[in-house]
Amino acid sequence: MLEVSEIKEIEDILANYIVKKDVVKPNRPAFYIDANNIRDVIALLKQRLGDEAIYISNIVGVDKVSDGVIEVNYFIHLIPFSNTIVIKTSIPRDNPKIPSIIDLLPGAYSGECETYDLLGVEFMGNKYLRRGFFVPTDVTSKNIFPLRKDVKV
Amino acid sequence: MSKLIKYSPWLVHFNTGACNGCDIEVLAAITPLYDPERYGVKLSPSVRHGDILIVTGVVTKKAAERLKRLYEQMPGIKYVVAVGACAYNGGVFKGSYSIAGGANKVVPVNAYVPGCPPRPEEILRALLLLLNREKVAGGE
Amino acid sequence: MSIIRDVIRNLLSKPITIEYPRKLTPIEKDFRGRHYADLKKCTGCSLCAIECPSNCISMEKLPENIKLRHNPRGLYPNINYMSCVFCYRCVKVCPVNAYITTNEYRLSSVKEVYSKELTIQTVG
Amino acid sequence: MESEAAEKATSLIKIPITLEIPIGPQHPAIHEPVLLKVYADGEEVVGVDIGTGYNHRGVEKLLENNTFYKDKFITSRICGICNTVHENCFVRAVEYISGMEPSARARYLRVLVMELERIHSHMLINAIMAEIIGFDTLFMYIMRDRELVMKAKEIVSGGRVLAEFHMFGGVRRDIDDVKKEKILDILKKLEPRLKYYRRLFEEDPTITKRLMEIGILRPRDVVSHGMVGPILRGSGVKSDVRAEDRYDAYNEVPFNVIVKGEGDSLARMLVRWDEALESLEMCRYILEHLPSGSAVVDERKLPRVFPAGESFARVEAPRGELTYYIQHIKGDKPYRVKVRTPSFNNIINSGFSYLRHSIADVPVILVSYDPCISCMERAIVVDLKNGTEKKVTFRDIAMGKVRLR
């Protein structure tokens, strides 16, 4: 598990980016950051903890219809601390754009392509985004992103 | 079942988006423990020689037209066995946007094997039922 | 070290094949097989039909000649075995434990197989 | 990843939709609908594009439209070979939100079912690897011995493949002493066979010649591409979710994490054999130290509505780290469920690892990742220069019988 000292260490690495702190059950520290400095946060983590220390475990897009925002959460696993931290960002729902981290962490290729195909989040700088990565053609032809909440599929 | 393929039907197996639970049961059904080769049943090296098409999995829309093309590529006398609850009408995945909802919506199905996944013996017995080669004990 | 010794030993030993339809394979007695409702206990509350993950239980009217005091609505669950995934959610969630479970797995056929006759037989 | 590699490639291998392992005419084949476009320059692979989407069943949209109880049965059918692990991860994610606590006996039984599944999943992929390199007899032996583990799983959970064993707050069935004895002597029969196969994979020349030094992955590449599980541990990175999260009974059951440094296909398969042996020891420990108490939970008294919350559960699937993220606002239906399976990272991000290998090694490397949507059978070899197309079976590629130029 993640001791307090380790959380302290991560916090001061990311000190000037964190907007709000939170905990995702059971004990994953979560940090809200502004959407367009995701690249600096990942670069900082890689540089401070080393190349073999972090891998991107998961990219989750959540469509929050009520407050008109798409929440993009990056789950990054830190091998030395043996726990996963969550970096939460939120982008406007009508024109969801966020810088891609595929050149920093090539592991994000599958997560970004899927989030684009299912939720329509545009990852700027990732040239492998295409519709039909997962979704069948008759849904893509109607230009629908199936995981959007206001969509009838 | 026509006389020509009654004694050596070859299988073609197509996974139209299954959780591969049925696939490993089809795999177990063909290993020597149950040994379908006693009845001449074995896997055909290519679609062109296949007689029985085993369909597993919920037929996703993307895999549906491949299933149709595969069915047309098979020679004249052909039978389709839908293995598992998903191949019948989608099983627990009913209502999802990306499935065509059952193999009988794409190809004519001759026999259904219920279960999730069905036991290997049950898959073998369904083939024998289709072949009506055996006074199959129990069940109809 | 290679596999030859094992191969020779297997060549000389008896084949492990079970001649399936003639000799039946050993099945655990609590293997999740065919299950059907017992009308002596079923109260027709249709909770199993709501809870079934693959929606393969349809509640049907009892035939006219059967009147059951504990089943005022006169409904009983009819399971479509082709679409059933044998997860036994209905067996576990039934408030009166009205399901009879067997380890019968030989159910394949050319058309749908329902649990209607078995359920009616429990009373009829 | 490498579509710009197409220019200098001289031939392109398009592997069509039905990807089956070429287990020869009389063998079964696991067909998984994935499309692998291999751009080859002569014999050497220049680029690989992985086409996905044929197995997409829209599970996440389905999970949002169904109650938690129906979701438990849908999640355990996402992958048939590792269904107890999917169940466990989803059930624990909900337990973190709702605060339910399974009893000690239930936690032990959960680990027992997951470890039995790890043994049969590792045996299956080693059998398929033996098949890929043309070692048919070994495939048949491993599949015959795997039936023992399926019988043990049937005794514990009532189902050969799909165990339906977990429920929020505990398990759905219990085992008594008769079943315990039956499983113990199954494990006693299984142990010599597993040790025999492990030694065979290490010393048999037909296997080591094909697997050694093939698909070497440096730790830095493996971690940066987000690959998980035996691939990570085969390249010397010590990261196992069971040791990190210590969920269920993994803090009480002694086990050690297997790490090998070579990073080639043989190291990955040996990590899997060692893990299977480790699981067997854990199962034996669990059966002998099973705490008393009630493990079965009464599904009639479970709450239908859960408090709002957000949880991220991780579990060590046979193929790697499997994670479930649930966001729940109100009612009995989750607001968002994200399932990230190990093969999602291992296969889709693995395009980089086939480079500079000969085409005959592409199937070996692909199967060493234990793809849950795996394996290819027939390839259409397109000679870009004179545009001829040639149909060749994947087995011939794997056996190196294909002369491209």
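1. How many bridges join β1(A) and strand β2 (residues 28-32) of chain A, and in which sense do the two pair? The pairing is antiparallel and runs over five bridges; strands count as paired if DSSP finds at least two bridges between them. In that pair K20(A) stands opposite Y32(A) of β2(A). Helices (H or I, at least four residues) and strands (E, at least two) are DSSP runs, numbered from the N terminus.

2. On provenance: this is a predicted model, in which local features need pLDDT of at least 70, side-chain atom pairs count only at pLDDT 80 or more, and totals for chains, interfaces and linings use all residues. Residues are numbered from 1 along each chain as its sequence is written, while chains are lettered from A and ligands numbered from 1 in the order in which they are written.

3. The sheet of chain A is open, has five strands in the order β1-β2-β5-β4-β3 and shows mixed pairing. Because β1 (20-24) and β3 (54-64) of chain A are edge strands with a single partner each, one side of each has no neighbour in the sheet. From one strand to the next the twist averages 25 degrees. (Axes are lines fitted to C-alpha atoms, for helices over the stretch in contact, and angles run from 0 to 180 degrees between N-to-C directions.)

4. Two cis peptide bonds deserve a look. One runs from K25(A) to P26(A), with omega near -10 degrees, and P26(A) sits in the loop between β1 and β2 of chain A. Another runs from C116(B) to P117(B), also with omega near -10 degrees; P117(B) belongs to the loop between β5 and α4 of chain B. In chain C, N97(C) has a positive phi, near 50 degrees, though it is not a glycine. N97(C) lies in the loop joining α3 (89-93) and β4 (99-101) of chain C. Most residues other than glycine have a negative phi, and most peptide bonds are trans.

5. Chain B has an open sheet of five strands, ordered β2-β1-β3-β4-β5, with parallel pairing. Its edge strands are β2 (42-43) and β5 of chain B, each pairing on one side only. Strands β3 (residues 52-56) and β4 (residues 79-83) of chain B are joined in the parallel sense by five bridges, and I52(B) is placed opposite Y79(B) of β4(B).

6. Helices pack on this sheet. α4(B) touches β3, β4 and β5 of chain B, and its direction makes about 165 degrees with that of β5(B). Helix α1 (residues 21-30) of chain B lies across β1 (10-15), β2, β3 and β4 of chain B, at about 140 degrees to β3(B). An unreviewed UniProt entry lists residues 19-128 of chain B as "domain: NADH:ubiquinone oxidoreductase-like 20kDa subunit"; UniProt positions are given in the numbering used here, feature names are shortened, and annotations may be inferred rather than shown by experiment. Over residues 19-128 of chain B the chain is 34% helix and 14% strand, with the end C-alpha atoms 25 Å apart.

7. Between chains B and D, 37 residues of chain B are in contact with 35 residues of chain D (contact: C-beta atoms, placed from the backbone, within 7 Å). On the chain B side, β1, α1, β2 and α2 (61-73) each give two or more residues, and α1(B) gives the most, with eight residues. That side divides into 20 nonpolar, 10 polar and seven charged residues. Here Ala, Val, Leu, Ile, Met, Phe, Trp, Tyr, Cys and Pro count as nonpolar, Asp, Glu, Lys and Arg as charged, and the others, Gly among them, as polar.

8. The contact of chain B with chain C takes 31 residues from chain B and 23 residues from chain C. α3 (85-89), β5 (111-113) and α4 (120-131) of chain B each supply at least two residues of the chain B side. The largest share of that side, seven residues, comes from α4(B). By class, the side has 17 nonpolar, six polar and eight charged residues.

9. In chain D, the axes of helix α6 (residues 177-203) and helix α11 (residues 265-288) come within 10 Å and cross at roughly 160 degrees. α6(D) is therefore roughly antiparallel to α11(D) (angles over 145 degrees count as roughly antiparallel). The residues of their contact divide into 15 nonpolar, no polar and six charged.

Key:
Contact = placed C-beta atoms within 7 Å. Parallel < 35°, antiparallel > 145°, perpendicular 65-115°, else oblique.
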